[in-house]
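Please keep the sequence and the structure in view while reading.

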Amino acid sequence: MSAQAPHRRTLGWIGTAALAMGGSNQSLFLVGALFVGQGTIHGQGSAAVPLLIAGVMLSWAALPGWTELVLLSPNRVGGIAAACTEAFRPYSSLLSALVGCCYWWGWVPTCGLTALLSASALHFWLLPAIPITWLAIAIIGVFLVINLCGVEWAARVAIPIAAVSVTLSFLAAFVPVVTGHVDWHLATTFHLTTPFEGWFGGFTSLMAGLYLVGFAAPAFEAAACHVGETIDPRRNVPRAMFAGAAMAGVYFIVLPVVLLGVIGPAALGRDLATELGPTFAPLFGSLAKAMAVGFMVFNMFHGTLQPLAGASRTLSQLADDGVFPRFLGLRWKNDVPWAATIVTAAAGIGFLLIGDRIWLIAAANFTYLIAICLPSVAVWLLRRDAPERERLYRAPRGTIALGLGATVCWAIAAIFGFEQFGLVTVILGLLFAYSGAALYAWRKLEDRQSGRVAGIFRSLQLRLTLAMVVILTCDGAGYFLAIQSVPAGELSRATALQDIFVLVALLTIGVGLVLPGLIAHAATRDLKSANERLRHETEALEQEIAERALVEERLVHGAFHDALTGLANRALFMDRFKQMIARAERRHDHLSAVLFLDLDRFKLVNDSLGHLVGDQLLVCVADRLRKCLRKSDTLARLGGDEFIFLLDGLSSRIDASAFAERILAALAPAFHIQDHEIFASASIGIAITRTGFDAPEDVLRDADIAMYRAKYLGKARYVVFAPELLEQAVGLLQLETDLKGALDRHEFVVFYQPIVSLAAGDLLGFEALVRWQHPKRGLLAPGLFIPAAEESGAIFELGAQVLGEATRQGRIWRDTFGTARPLTMSVNVSARQFSDSRLVAVISKALADSGLSADDLCVEITESAIMANAETAAATLTELRAMGVDVQLDDFGTGYSSLGYLQRLPVDTLKIDRSFISAAGSGVGNPEIVRTVTSLAQSLSMKTTAEGIETLEQLEQLRSLGCTNGQGYYFSRPVNAADARGLIAAWPQEQRRSA
């Protein structure tokens, strides 16, 4: 295709339609030849009128298909002939050259002959001193200059010419009708002139007339020559083409009928410039003859202007397409194809020098019929071969078939009418048509010289072309011999022989041009089909191999990688661990480490937010952990929320600790998952191996034990394994085993520590604290078994037992001391208990079983348990408050509370952790923190309870800081139920004194 710059879009539909009118008004110089003929060439008489009507109707049938064809390539110029290139390229590029050349030859005589006719009228009426020929050449020169200025200038000139032409044509058509000067009987009476008697003579005459009409009837297609130069071609090109077709209806249907009824058939066969006066006389009187001359002059101007604008662009576009010689595609900066335009003007001048001859028009008409027949075939081919191609305009259903029907009619007219114009016409028409092959050969020689093609001299196309020339020569010789043997009086037989000669000539051209392309296309199609099948089979085989390899790769990957996070799994981790040990066998100073990581409170996330959120959290955690890796390290997921690192080639133990700190820092920022803000810390166990000969399973065990120690110490930290941790782990395992039996044997007892009003010294209630009366180890504090209970899940049953016992004891004290001594019972709820959806039901059942009022029960929940999922926690706390249960936030200040959440949580009391109260001396350890917490509680209408009060000085200081309540050894250690009863009974005398 062309490498030229795109065309400048400057034409509107009116300018394009005005240029196209240069073909519609050609009926004015055809009508004389059709009526009376010229010399030995017979006319058709008044039967020319229905022939004109039939001709324009054939062109209308082809119009929708032509419009679709040219808009398939909206950036091209050159009209319907140049648009055939895409359709014919798979069959024969030479066929494209033939169509384009035929189209150009069809327009070139029009340029010269219309200039000659307009010059004749101007010479007769205005410029008698200037010879007609020179005047005609001057007219062509003027329009050549206009076209060289640019197509927009040609359109500017064409629009006023078209305006005058259209106005005068409408006046010529309708003024006689309005004034009653039309003899309708004469206008509708048709007589056919025949060259000889009989039906064959009539048929021959009709075909000759229809053949000649074909030269001008479809000429409105000239609007398609400027598609690439038209603004918004989708809209404006169809407008211009259909507007041109409508004007063709005026020139080929309305005008001939009216003129036949006004001036008669004899006058129509003479010079219309001198005969059309009566049509204008009713309106213009004495100026009628001048109007008739103007009518002819302006219409003929159109016929001179259009070929220079349209046909020249056919040559230019086909040169860009690699079909015609390169020089024809040369353009100036203003986008004018100057070389093709000058060649067209020169050819037009050459034709006008030959003179106004019907045989010349007929020879050009042969090429033009080829140029308008094949586009209908092209649009049908593209509908068949490229149905998915984008179409800016789609011809209505059935109109493609109508276009093919018009093609058949024009082909029949050519076969049976062409030869009526003489042997010279036939030979010249064939030479015109086949000159496209010479131009095509010229371009291929240029391409060969530039190295773009290998050559054409051994091609099948060339061989068949040479054979075609031989057959045409034999056909012509046979024609002469046949004509010589026909008696002079048997004109019908001579005509039949001439028809046979034309038919053989057309078939020969078709075979020479089309058959090689068809053979090549069929062979190429079969080869492509075979290659396509082979390609599909190869691709299918390659795809099957790739799929099997992918399956194997996935199987291998699945066997050694975690499906959720894509990290290495246990199997791959152990393999790399063993490889590391093998590499370190000869290096006794080799230092490596295994880091066992377990997310803190991950089960809480799964239980409260669902497993989908939990899985997404694991993926996000894995992404952050990857960023901590070095190239030599391995990260694996063992399952659940457990991850493990293998650090190879450490320089010291400090490297492992620093790596653990980097992991903790990476996990510190919140994770945002499905509109949830989740904080995920981790407990990390570190096992360091120096020799490189330790068993991997033992190292993993040590790291696991260290990780559990980190959890026991408060989570969100790391612990380096030491041998004593193994002993503790064994003890912890035994402890978990003992826990189950202890629950069944009710070995857990509840102790009670009083909660006191700091201002008044009143006993407000007790906090229930569980102890384990172990049969071998004695009384165990909660810190020794609560972590094991939470880890094993025994915390739920243990919590229910403690809650039931505490509420029962609270009801006993209420019944014993009455409502005058209201005492609250505070019960701790662990993080796992709080995440259990059954918590509210368990508390409700304990209250119902014991009979204790909900107002007398306080539930203590740690700050970290709430902040693990603040939204769910708020809902649970709200439900407890609705029951009447008092809610206390335990260990306040040790977690990561959000003040925004705190003010929305239904909390009654903030319990200040003992770490802020106790100190090396006797005073409060962090008075500023205590003051801040008490001020915050007062602003939120909450109470405060200080834990761990041990001295009178702490008590006095907490009073001054505004703390509401307190508990600690200063008031009493945790005691059993019996001792607690004694405290209640004795409290007013003892404690108030001391307080």
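The notes below are grouped by topic.

The model is predicted: local features need pLDDT of at least 70, side-chain atom pairs count only at pLDDT 80 or more, and totals for chains, interfaces and linings use all residues. Residues are numbered from 1 along each chain as its sequence is written, and side-chain values use heavy atoms, with hydrogens and water left out.

**Helix α3**
- Helix α3 covers residues 48-71, 24 residues in total, and reaches 34 Å from its first C-alpha to its last, close to the 34 Å expected at 1.5 Å a residue; helices (H or I, at least four residues) and strands (E, at least two) are DSSP runs, numbered from the N terminus, and the expected span is 1.5 Å times one less than the number of residues.
- A kink of about 40° lies at leucine 63, shortly before proline 64; the bend is the angle between axes fitted to the seven residues ending at a residue and the seven starting there.
- Because 19 of its 24 residues are buried, α3 is largely enclosed by the rest of the structure; buried means under 20% relative accessible area, exposed over 50%, and partly exposed in between (1.4 Å probe, protein chains only).

**Salt bridges**
- The whole structure holds 34 salt bridges, each a side-chain nitrogen of Lys or Arg within 4 Å of a carboxyl oxygen of Asp or Glu.
- One of them pairs aspartate 321 with arginine 76 at 2.6 Å, N to O. Aspartate 321 lies in the loop between α15 (311-320) and α16 (338-354) and arginine 76 in the loop between α3 and α4 (79-83), so the pair ties together parts that are 245 residues apart in sequence.
- Aspartate 321 is buried at 5% relative accessibility, and arginine 76 is buried at 8%.
- Arginine 326 and aspartate 447 also meet in a salt bridge (2.7 Å, N to O). Arginine 326 is in the loop between α15 and α16 and aspartate 447 in helix α19 (residues 423-449), so this pair connects parts 121 residues apart in sequence.
- Arginine 326 is partly exposed at 28%, whereas aspartate 447 is buried at 6%.
- Lysine 911 and glutamate 860 form a salt bridge (2.7 Å, N to O). Lysine 911 belongs to strand β16 (residues 909-912) and glutamate 860 to strand β14 (residues 857-862), 51 residues apart. Both residues are buried.

**Lysine 711**
- Lysine 711, in helix α26 (residues 696-712), counts as buried at 13% relative accessibility.
- Leaving aside neighbours within four places in sequence, lysine 711 is in contact with Asp598, Leu599, Asp600 and Ser683, where contact means heavy atoms within 4.5 Å.
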